[in-house]
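Please have the sequence and the model open while reading this note. The points can be followed one at a time, with each named residue located before moving on.

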Amino acid sequence: MQWQRRIAPYIFISPFFILYAAFHLYPTLWALYLSFFQQTGIGSAAKWVGLGNYIKLLSDDRFLKAVVNTSYYAAGSLFIILPAALLLGLAFNIRDLRASSFFRLFYFTPNITSGVVVAIIFGLVFDFEYGLINNWLLAPLGIAKQRWMQNAALIMPAIIIVGLWRYTGINALYFLAGLQNIPHELNEAAQIDGATRWQVFRHIILPLLRPVVLFTVVIAIIGSYNLFGEPFLLAGAEGGVRNAGLFMTMYLYLNAFRYMKFGYASAIGYALTLIILALSLLQLRLLGAFKED
Amino acid sequence: MSQLSRRTFLKLAGAAAGVSALAACAPPPAAPPVGEPAKPTEAPKAVAKGPIKLELWTFVNTHARWFRSMAADYKKEKNPDFDLNVTEIAYGDMHDKTQIALQAGGVGAPDLVDLEQGRFGGFLRGKGDVGLIDLTGWLTSAGYMDKLVASRQALYTYKGKTYGVEHALTPCVVYYRADVIEKAGVDVKKLVLWDDWIAAYKPLCKDDVVACSYLGHDLLLRQNDGDYFDKDGNVQLDTDLSINTMDWILDLARKHKIARQGPPGDAWWTAIKEGKYLSLPAQADWYAGFLKDYVPDGKGKWKAMPMPAWKAGGRRTSCYGGTGSCIVKYSKYVDEAWKFMQYSMLSVEGNVRRYLETHLWPPFKPAMEDKRLHAPDEYYSNQDMGAVFADVGPEVPAQYQSPYRSEMNSLLSPKWQDLYDGKITPKDTFKEVAEAIRKIMKEEA
């Protein structure tokens, strides 16, 4: 019976590993393998092309455009959505804020709303003729109506606006969790020593928030490069005018499901993985995640 | 009993994982031989005995309703053991799921599936087995080939094999605001040529009211005996005919000032309700139902007429859209699926009922003369809509399928806006896209 006791823990944890191997590891390895082949069409034979698919990506205008667009959105996430979330988190953290629970729920709700629903609603919000933004925000300010989804220059800002609405709340809650872990005595001590609010924020709050910043930055990068539903539904499968809203995930989808180029789509998937990995490692290094305290 | 050490267990687990990984790296199964002639009949994989439950996927709710009602009657009249489960799945998802199921050798695939013509070409890509039953032999031997409109069946036929049966003839007509046009004294019977049509609508376009939005380029091209691909699959996008057709469409706004780009999505229906567009000069039969659904207040305001022709005696229609019903070759009940297809898709009763429920004009010739298709339609001021479709039906042009149609549309899609805005020319754009597709075709040859 000794061996049964020894094996029991492995049997208990085996369902996860079996499912993981079958539904994650196997497809992941298969996709890597497939990325070295040209396989186009249902039931077609695969032809070995080595690194051919990856080399082709480097001269594929639409892929490069998708990389630029996705990076544009990632930059928006890092430099617009996260700072907005930090400000909101600071606001949530104000003592004696009335109805703070309501505000937290209010700003969190967009995150649990289906991406499809969000995209459909924002499609109406951005409409040229009848849209909320043109008629209720721009018109009162005397600004001309904008063709948000028909103007290549405005498609990405529009998608970032959707991201701002959808993801600011959840990130604000992450920051709030971090802010609430900062001992209040530190703030008080600094203020007694004559530090201004900005100095307290810059030299006490921000350094102590580093683990949360690190987490949100990495999650934002991964989320941005994986974004699919919102741009797909807002801008169309090809990303609208001049592929201005074409994301890497959408280009992967187009190749796999519209053009049936399974090998090439697999290569796009691995290129995406490499980009996310490289950027995440860079961020971790820049933010000092590898430093020993 | 010998003990299993942790080290041994990990070794075994590692070996198992290695085997899985190696299995993952096994070469993909070889494709079946290509280009074999279609067999007259393909024997079903298993003979159905006892209860038969078929699964059908469709992305159109009206098709789903019709299939369900046909299945109920089939069960009653033909086979009490028959049961059809109709699953409605969103357009993109349904085609993606079908594709994955076929790529996986039929795992989770339905028995019958509706494939839209725009996505159908993608299923033909490559040199492998499509995964759908080649119906050519059955359709020929049962005499259906002559009863179906060949130009529509061309959409589901590739290299001599027919994989689907079309739901609709999709004859295109002009839907127009009779309350405005006829009230202004225009005799629509005299609008025989596009020039007549432009001249008649010009005086009616005032302020933000225009004759129409931009017309579909491929649709008008087909009316004029062209298309994006010819019957041999050659790219025709950059022909003079194609370029001139696009220039003509743009001239409706640039030169004649009677057209404007329609708003996307639901805003389009709001604009129609507000009377900003006086006509839909090239829309298919199924649009008759759309107007009823989205513009219920338009009852008594709209009518339909044949499209104007490019030249005297020319074709007064085109075709737009279409969906083919296909049998998946991995089905356990191929034989029963074919019998049900005959009962529903290839019968007078099935085609008539589908028109009454969905406004899809039958592509099945024996059904076209049925009196029930010619009932006055209250929404269209009691007009005999069936007569309009029947009038132009025989002229519906062919639309040839190509595995590259989907990718061509994908390359064209980001360019339409710049074309409409005059930032790029039809000539340069069409040549660029045509060359890109030719290059891809060459690479995959």
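Predicted model: local features only at pLDDT ≥ 70, side-chain atom pairs only at ≥ 80, totals over all residues.

1. Chain A contains 13 helices and 2 strands, and its C-alpha atoms fill a box of roughly 75 × 75 × 35 Å when taken along the principal axes. Of the 293 residues in chain A, 43% are buried. Among the contacts in chain A with a separation of 6 or more, 65% are between residues 24 or more positions apart.

2. Because 9 of its 11 residues are buried, α12(A) is largely enclosed by the rest of the structure; the buried residues include Met248(A), Tyr251(A), Leu254(A) and Arg258(A). After the helix comes Met260(A), which has a positive phi, near 60 degrees.

3. Aromatic rings deserve a careful look, as a search of the whole structure finds 54 aromatic pairs over all chains. In the pair formed by Phe92(A) and Tyr107(A), the ring centres are 5.8 Å apart and the planes stand at 55 degrees, so the pair is tilted. Phe92(A) belongs to helix α3 (residues 61-92) of chain A and Tyr107(A) to helix α4 (residues 100-112) of chain A, so the pair ties together parts that are 15 residues apart in sequence. Phe92(A) counts as buried at 4% relative accessibility, whereas Tyr107(A), at 31%, counts as partly exposed.

4. How are the rings of Tyr287(B) and Phe290(B) placed relative to each other? Their centres are 5.5 Å apart and their planes are at 40 degrees, so this pair is tilted. Both residues lie in helix α12 (residues 287-294) of chain B, 3 residues apart, about one turn of the helix. An α-helix has 3.6 residues a turn, so residues three or four places apart point the same way. Tyr287(B) is buried at 7% relative accessibility, while Phe290(B), at 33%, is partly exposed. Tyr287(B) and Phe290(B) also belong to one aromatic cluster, whose members include Trp269(B), Trp286(B) and Tyr320(B).

5. In chain A, the charged end of Lys145(A) sits over the ring of Phe128(A), 5.8 Å from its centre. In chain B, the charged end of Arg354(B) sits over the ring of Trp66(B), 4.8 Å from its centre.

6. Two packed helices are described by the angle between their axes and the distance between the axes. In chain B, helix α10 (residues 240-254) and helix α18 (residues 426-444) pack at an angle of about 135 degrees, with their axes 9 Å apart, and they are therefore oblique to each other. The crossing of α10(B) and α18(B) is right-handed. Residues making the contact include Ile243(B), Met246(B) and Leu250(B) of α10(B), together with Pro426(B) and Phe430(B) of α18(B).

How values were computed. Residues numbered from 1 in each chain as written. Chains lettered and ligands numbered in written order. Heavy atoms only, no water. Phe/Tyr/Trp six-rings, centres within 6.5 Å; stacked < 30°, edge-to-face > 60°. Helix = DSSP H or I, 4+ residues; strand = E, 2+ residues; numbered from the N terminus. Buried < 20%, exposed > 50% of the residue type's maximum accessible area, 1.4 Å probe, protein only. Lys NZ or Arg CZ within 6 Å of the ring centre and 35° of its normal. Axes fitted to C-alpha atoms, helices over the stretch in contact; angles between N-to-C directions. Parallel < 35°, antiparallel > 145°, perpendicular 65-115°, else oblique. Left-handed = near helix turned anticlockwise from the far one by under 90°. Contact = heavy atoms within 4.5 Å.
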